[in-house]
Amino acid sequence: MTVEKKVRWGVLGAGRIAHTFCKDIQHSQFAELTAVASRTKSAAQQFADKYKTPEILEGYQALYLHPNVDAIYIATPHNFHFEQAAAALKAGKHALCEKPITVSPEQCEQLIQLAGENNRFLMEGMWSYFLPTILKAKEWVNSGRIGKIHQVKADFGYPVTFVEGDRMYNPALAGGCLLDMGIYTLAIAQYFINQLPDLSLVSHKLAKTGVEDDLTLIAQYPDATATLACSFRAKFQNSAYIIGENGYIDIPNFWRADRCSLFQLDEKVEEFVEKRRGSGFEFQIDAASRCILDGEKEARLMPLSTSLLLQQQMHDILCQIGLR
C-alpha cells in the first residue's frame, strides 16, 4: 500500500449521517472527499463551504459515473441502499453502505454477488466495530481477562416523536426500531459471541403504522445468551455488558463508545478512555480506504458474511412477530 495515495470518496445523500461522514473524513489518513451528490443541488450545496467539498452534484447518476471518484459512501435511508449500492458497483465504484446494508437477506446476497462480479470492495458501515474502545474490549476478551463469555447485554433506545409519513415509522420505507437501532445490538452480540444463535424469543410493541417501535430479544447461542433491546418509545441506558465467568466489561453508549471498563466482581481493575479527533466515523473510513488501496474486496472486521448473518437474524425476528 502506498501511504501517500488516498481513496477519493463521493457521498451519496445529504442527510445527517452524510454530514458526520464529511466531517470525520477530514481526520482520515487514507481518504479524501471529492464529491457530494443529492437529489437536488440546493440540498448538497450546504456541504460545499462547510467541508470544502470540491464538487457538488445534482442527481446520483453523475456520482456513479464521476471519473475522479473511486468509492461511494451511501448515506440514504436503508430502503434505498440495495438499488444505490448495486448501481455504484455496476459503475465500477467501491461501496461503503450505511447500515443496514439492505432490508432483506436476498438483497444482501445479490449485492455480495455484484461486488464479486465487478471486482469491487463492499462493506456495511458498521462503524462501531472499528472504534478503538470496542477493539480494546475485544482485546481484553481474547486475552482471557473475563474468562469464557456467558452473556452479552445491550440496549439502544431513544424516544422518536411520531410524525405522519416519517420513514422511521413508515412500513413502506422499512421503518421500525429493529433495522434502525436493533441492528447495533445484534451486531455487538455477534462481535463478541461469534456464533450463530440457536433460538430467539421476542417481545415487542407496535406503533399505529404497524411497525415495531419497541422490541426485546433473548437469543440463545451454543455457549452464551444475549439479552438485547431497542426502542423508539424511551431513552435506554444504551450500554453493552460483556459478561464472563471471571469478570465483565462495561461499555457505555456502546454504539459510539469512547470508553470501557473492566471489572472483576465489584472492582474496576482497568479503564480505557479513547482520544478521538472526530465523531468516530474516521476509523471505519480509514479501514475501508486501506482495504481499497490494498486491493482487498471486504474488511476483516466487518466481512460480508457478517452482514448477511445480521440480515438473516433481522428477517427471522420480523417473521417471528409477523412483520415479514
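Biologist: Is Glu-98 buried or exposed in this model?

Modeller: The model is predicted. Buried means under 20% relative accessible area. Glu-98 has 4%, so Glu-98 is buried. Glu-98 belongs to strand β5, residues 94-98.

Biologist: Which side chains make polar contacts with the side chain of Glu-98?

Modeller: One is Tyr-73, at 2.7 Å. Another is Lys-99, with a polar contact of 2.4 Å between the two side chains. Leaving aside residues up to four places away in sequence, Glu-98 touches Ile-17, Tyr-73, Ile-74, His-81, Gly-125 and Phe-281.

Biologist: How many salt bridges are there?

Modeller: A salt bridge needs a side-chain nitrogen of Lys or Arg within 4 Å of a carboxyl oxygen of Asp or Glu. The count by this rule is nine. Among them is the pair Asp-180 and Arg-167, whose closest N and O atoms are 3.0 Å apart.

Biologist: Which parts does that pair tie together?

Modeller: Asp-180 sits in helix α7 (residues 177-193) and Arg-167 in the loop between β7 (149-157) and α7, so the bridge links parts 13 residues apart in sequence. Asp-180 is buried at 17%, whereas Arg-167 is partly exposed at 26%.

Biologist: What is the N to O distance for Glu-271 and Lys-268?

Modeller: That salt bridge is at 3.8 Å. Glu-271 is partly exposed, at 43% relative accessible area, and Lys-268 is partly exposed, at 43%.

Biologist: Which residues make the nonpolar surface patch of about 280 Å²?

Modeller: Leu-199, Leu-201 and Ile-218 make that patch. Ile-218 lies in strand β9, residues 212-220, and is partly exposed at 40% relative accessibility.

Key: Residues are numbered from 1 along each chain as its sequence is written. This is a predicted model: local features need pLDDT of at least 70, side-chain atom pairs count only at pLDDT 80 or more; totals for chains, interfaces and linings use all residues. Side-chain values use heavy atoms; hydrogens and water are left out. Helices (H or I, at least four residues) and strands (E, at least two) are DSSP runs, numbered from the N terminus. Buried means under 20% relative accessible area, exposed over 50%, partly exposed in between (1.4 Å probe, protein chains only). A polar contact is a pair of N or O atoms within 3.5 Å; within protein, one must be able to donate a hydrogen and the other to accept it, and residues adjacent in sequence count only if both atoms are side-chain atoms. Contact means heavy atoms within 4.5 Å. Patches are made of residues with over 30% relative accessible area and no salt bridge: like charges are joined within 9 Å, nonpolar side chains (Val, Leu, Ile, Met, Phe, Trp, Tyr) within 5 Å. Accessible areas come from the Shrake-Rupley method with a 1.4 Å probe; for residues, only the protein chains shown count as cover.
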